[in-house]
Amino acid sequence: MFGEIVKMKIIVLENGSPTRNEFTLKINPSSLSYSKGISYNKDNKMNSSKNVEKYSNHNSESLNFDFILDSTGIVYSKTETIKDTIDKFEKVVYKYVGSEHEPNEVQICWGTTIFNCHLTSVKYDHSLFGPSGESLRVKVSVTFTNATTRKEEITEANSNSPDLSHCVTLKAGESIAFWCNKIYGDFSYCKDIAEFNGLSNFRNIKSGTKLMFPKLLRHG
């Protein structure tokens, strides 16, 4: 006799811990696809016609899968429209969160699969419509990318290139967000820089505080 079917959950993380904010799939994926990669740079040696490949970095791990949304009432009980379901899904994985300067970090949780990540792509294929043109069935194709890469990136950069790091003393009116944008051109590193400097959060840091901003190893 089979036990109760466990549904895949996509759970919002806050400071690395699961919250009650989540999206639960009505129909589990039929398959999961993981991908990994390693990048190499071409190193053209002087007086040589050959390009030597030199290790650059390990690429982020990715998780890909498809799932079905259905509002016909045939597959599962209809409780909302496809549009409302997509809005709930995107609120969890896609919408920009101003306080975090990025979309939510989430955890894919299903059976033995636990994957902390960010959504990097989503595609909606509408295949069934009602009399008035409303969508009744959609295949959702998603790609999630490992969310731990940035922290690992900062740690590696600090250990390999300490002389290229930035040491900043905050002045009045300045913040971690200000310097992340100035140094990296990206506000979304705020939490990582705060953790790197042993701070519990990146907001309301006192002027005069000294912070390290290590050089980041950009992928690609």
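K9 and E22 pair up in a salt bridge (a side-chain nitrogen of Lys or Arg within 4 Å of a carboxyl oxygen of Asp or Glu), with their closest N and O atoms 3.0 Å apart. K9 sits in strand β1 (residues 9-14) and E22 in strand β2 (residues 17-24), so the contact ties together parts that are 13 residues apart in sequence. Strands here are DSSP runs of E with at least two residues, helices are runs of H or I with at least four, and both are numbered from the N terminus. K9 has 30% relative accessibility, so it counts as partly exposed, and E22 is partly exposed too, at 31%. For reference, buried means under 20% relative accessible area, exposed means over 50%, and partly exposed is what lies in between (1.4 Å probe, protein chains only).

Before going on, a word on the ground rules: this is a predicted model, where local features need pLDDT of at least 70 and side-chain atom pairs count only at pLDDT 80 or more, while totals for chains, interfaces and linings use all residues. Residues are numbered from 1 along each chain as its sequence is written, and side-chain values use heavy atoms, with hydrogens and water left out.

Searching the whole structure turns up four salt bridges. Another of them joins D70 and R137, whose closest N and O atoms are 2.5 Å apart. This pair links distant parts of the chain, 67 residues apart: D70 belongs to strand β6 (residues 62-70) and R137 to strand β11 (residues 135-146). D70 counts as buried because its relative accessibility is 3%, whereas R137, at 27%, is partly exposed. Then there is K88, whose side chain meets that of E80 in a salt bridge at 2.8 Å, N to O. K88 is partly exposed at 48% relative accessibility, and E80 is partly exposed at 22%.

Now for some nonpolar surface. I38, Y40 and Y55 make up a patch with about 300 Å² of accessible area together. Patches take residues with over 30% relative accessible area and no salt bridge, joining like charges within 9 Å and nonpolar side chains (Val, Leu, Ile, Met, Phe, Trp, Tyr) within 5 Å. The areas come from the Shrake-Rupley method with a 1.4 Å probe, and for residues only the protein chains shown count as cover. Y55 is part of strand β5 (residues 51-58) and, at 40% relative accessibility, counts as partly exposed.

Most residues other than glycine have a negative phi. N204 is not a glycine, yet its phi is positive, at about 55°. N204 lies in the loop between α4 (190-196) and β13 (210-213), and its 78% relative accessibility makes it exposed.
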